[in-house]
Amino acid sequence: MGPIVVVTELEAGRVADASQELLTKSREVADALGTTVTAVGFGGQAASALAGAAADAAIAVTGSAAEVYSPRVYERALASLLKEQAPSLVMLSNTTLGMDLGAALASFSGQPMVGYCTGLSVQDGQVVALSQIYGGKLLAEVEVPVTGSIITAIPGSWPAASAGGSPAVAAAVAEPAPEVELLQVIMPESGGDVDITRSDILVSVGRGIQGPENLELADELAASLGAVVSCSRPVVDAGWLPRSRQVGKSGQTVKPRAYLAMGISGAPEHLQGMKDAELIIAVNSDESAPIFEVAHFGAAVDILELMPVLAEKLQGRAG
Amino acid sequence: MKIAVLMKDVPDLVEDLELTDEGQLAVDELSFIPSEWDDQALEEALLVKDEMGQAEVTAVAVDTGDVDSMLYTALAKGADRAVKIVGEFGRDLPNRARSAVLAEYLKTAGYDLILTGVQAIDDVDGQVAGLVAGHLDVPHASVVREVAVAGGHVRCLQEYSAGRMAELRLATPALLGIQAARKPPRYVTIAKVRQVTKSASLEEVEGELPEVPTAAVRRLFKPQAAGRAVMWEGDPEAVAEQIVALLDDRKLIRS
Ligand SMILES: Cc1cc2nc3c(=O)[nH]c(=O)nc-3n(C[C@H](O)[C@H](O)[C@H](O)COP(=O)(O)OP(=O)(O)OC[C@H]3O[C@@H](n4cnc5c(N)ncnc54)[C@H](O)[C@@H]3O)c2cc1C
Ligand SMILES: Nc1ncnc2c1ncn2[C@@H]1O[C@H](COP(=O)(O)O)[C@@H](O)[C@H]1O
């Protein structure tokens with residue numbers, strides 16, 4: 001059986017946490033299947049980052065085209081590597097890279113694919129994946145063929161590898177792909193608006209706030225708590241709050257002492273940014289909302305009714 | 001510039017998702033709405049058209065049930081054409097097969113730019129954007145916004161975590177998975193949709209059910225309630241009191 005190929009991402013020259021998680025899980029599955037783990041990384045720092053990775057073998061894809069993520073370059077390099085490796089499984093994180101490349105690799109390599117994976121095990125020789133779909137409301141149990149199936153896993157699903165390894169690192173060179181040109185990398189704006197990652201308490205609003213006219217309820221509640229207002233992505237996309245307030249996968253990761261989720265459903269992309277908050281209180285009129293799976297305390301009431309009452313009761317008590 | 005927007009409808013999460021005893025979705029019990037990210041893709045396409053002046057936007061959907069109102073709504077919002085791919089496709093059509101059907105049509109339809117949602121809530125077997133792009137072997141990028149067309153190229157921003165982004169330029173034909181439109185999707189009245197339903201028509205194209213690689217879904221189930229929140233009962237007044245007591249107990253407010 002071919003190896004499990006793990007497509008790693010680097011962060012500041014190290015294997016990113018999300019990729020470390022893939023390595024941990026792949027080791028467990030590889031042991032159960034009787035196969036090995038091969039880590040693939042991109043860029044000039046890949047060889048040194050992968051030299052200590054928890055894998056049996058590693059491939060560093062280098063060349064000027066591989067320095068920064070570029071969809072077509074990475075995809076072509078991976079497609080030809082997968083052809084050579086004939087892997088049993090291919091693991092990517094459900095990050096931008098995984099969402100961009102996973103399905104495309106599956107379709108032109110003619111392999112099955114499982115997205116949004118949060119669990120992976122071997123049962124009677126059969127690889128079984130759990131996939132979190134419907135905004136976190138349902139899990140799918142999926143049989144994964146070991147023919148080279150592509151799996152994209154939600155970051156945070158497994159512990160990161162604790163021990164490293166010492167794989168031999170082979171080299172590959174990525175070809176440029178002028179049909180998709182990387183013009184510039186844009187770093188997040190700093191300053192200006194508040195830094196939500198520094199607030200002890202966040203009053204975070206989701207689509208349940210219903211319109212910008214109701215934001216003053218959140219402002220009043222936050223003021224009564226000495227808190228800052230943050231939000232889910234749709235609130236930003238609708239233009240109701242600036243992007244600097246967004247919590248989640250494509251926003252900020254926050255770990256406040258208390259996170260009050262108001263009218264947020266708890267989609268995996270949101271949870272990724274706040275699930276490690278010390279205290280999570282969720283209010284959502286739908287008692288089956290997935291946010292209640294990670295909240296410590298919750299109530300199924302209308303936030304538009306609750307927020308003013310709560311702000312009133314908190315008057316003069318901001319810590 | 002010919003722009004296609006690939007759209008599908010998905011169960012409305014506002015309602016409870018009923019499962020059958022076999023652990024499959026009770027689709028007959030559900031109501032369906034356009035996937036929110038496909039709506040964003042349509043909006044972005046219409047904005048691109050507004051900017052360019054002479055672009056043609058076509059909404060494309062595989063007929064897996066009742067997609068007519070979704071397509072008429074797209075026309076009412078400003079799409080120039082709507083294509084419905086008909087064949088033996090049920091509500092349970094996996095994305096994998098859906099993508100092959102779409103790709104088969106797109107191969108010869110001559111679009112310069114294809115937009116679709118970055119994902120849909122039912123994408124267990126992969127996102128349509130990547131799957132179709134793989135079939136077509138065209139330049140593609142997903143998790144993008146702010147699409148602009150100039151000089152036969154497409155520019156967009158691809159989002160990474162924590163607000164980092166890249167600006168990409170793709171040769172056409174290109175396919176993009178849209179994260180969000182520059183503006184909230186435009187609203188049309190039901191009266192307008194009704195009027196369009198009478199005056200416009202959907203173009204039907206025959207499609208065939210393809211053979212595709214699959215990972216079999218054994219069952220769907222609701223997550224176990226193991227780590228579930230302690231739920232406070234009562235009206236907003238009672239809940240507010242509980243919250244104050246808890247914050248007090250945790251020394252997060254002055255006593
Ligand atoms: C690549 C990618 C990245 C993403 N990144 C992020 C991210 O960084 N952050 C993020 O948040 N999302 C992100 N998303 C979007 C994510 O998938 C969800 O769409 C989003 O989190 C949903 O936001 P929401 O909970 O506010 O809205 P919804 O899912 O619509 O939930 C609104 C909730 O409010 C409740 N509600 C409605 N009215 C009331 C009321 N009056 N009182 C109480 N409750 C009420 C409803 O029951 C519902 O549960 C990303 C998606 C993708 C594809
Ligand atoms: N659109 C594509 N993106 C990435 N890789 C592809 C694509 N199309 C084909 N490939 C594969 O990439 C590998 C290298 O192809 P080539 O660039 O032709 O040497 C081969 O395995 C191709 O099958």
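**Note on the ligand 2 site, the cores and chain B**

1. Start with the shell around ligand 2. Its residues are Arg72(A), Glu75(A), Arg76(A), Ala79(A), Ser80(A), Lys83(A), Phe108(A) and Asp137(B). Keep in mind that this is a predicted model.

2. Look at the chain letters. Ligand 2 is surrounded by residues from chains A and B, so the site is shared between chains. Asp137(B) is the residue listed from chain B.

3. Which helix gives the largest share of the shell around ligand 2? It is helix α3 of chain A, residues 71–85, with six residues.

4. Now sort the shell by residue type. Five of its residues are charged, two are nonpolar and one is polar. Arg72(A), Glu75(A) and Arg76(A) are among the residues around the ligand, and the next point takes them in turn.

5. Check the atom pairs. Arg72(A) places a polar side-chain atom 3.1 Å from a nitrogen atom of ligand 2. For Glu75(A), a side-chain N or O atom is 2.9 Å from a nitrogen atom of the ligand. For Arg76(A), a side-chain N or O atom is 2.8 Å from an oxygen atom of the ligand. How much of ligand 2 does the protein cover? On its own, the ligand has 490 Å² of accessible area, and the protein covers 63% of that.

6. Turn to the largest nonpolar core. This core has 46 residues. Leu23(A), Met91(A) and Leu120(A) touch the most other members. Helix α1 of chain A, residues 17–33, gives the most to this core: five residues.

7. Take Leu120(A) as a case to trace. Leaving out residues up to four places away in sequence, Leu120(A) touches Lys25(A), Glu28(A), Val29(A), Met91(A), Val127(A), Val128(A), Ala129(A), Ile151(A) and Trp158(A). Two of these, Lys25(A) and Glu28(A), lie in the residue range of helix α1. There is also a second, separate core, with 40 residues. Val203(A), Val235(A), Val236(A) and Ala311(A) are among its members.

8. Finish with chain B as a whole. How many helices and strands does chain B have? The count is six helices and 13 strands. The C-alpha trace spans about 65 × 45 × 40 Å along its principal axes. Of the 255 residues in chain B, 54% are buried. Among contacts in chain B with a separation of 6 or more, 71% join residues 24 or more positions apart. Chain B exposes about 11100 Å², and carbon and sulfur atoms supply 47% of that area.

Terms used
Residues numbered from 1 in each chain as written. Chains lettered and ligands numbered in written order. Predicted model: local features only at pLDDT ≥ 70, side-chain atom pairs only at ≥ 80, totals over all residues. Heavy atoms only, no water. Core = buried A, V, L, I, M, F, W, Y, C linked by side-chain atoms within 4.5 Å. Buried < 20%, exposed > 50% of the residue type's maximum accessible area, 1.4 Å probe, protein only. Helix = DSSP H or I, 4+ residues; strand = E, 2+ residues; numbered from the N terminus. Contact = heavy atoms within 4.5 Å. Near = heavy atom within 4 Å. Polar contact = N/O pair within 3.5 Å; in protein donor to acceptor, adjacent residues only side chain to side chain. Areas by Shrake-Rupley, 256 points an atom, 1.4 Å probe, with all protein chains shown as cover. Nonpolar A, V, L, I, M, F, W, Y, C, P; charged D, E, K, R; others polar.
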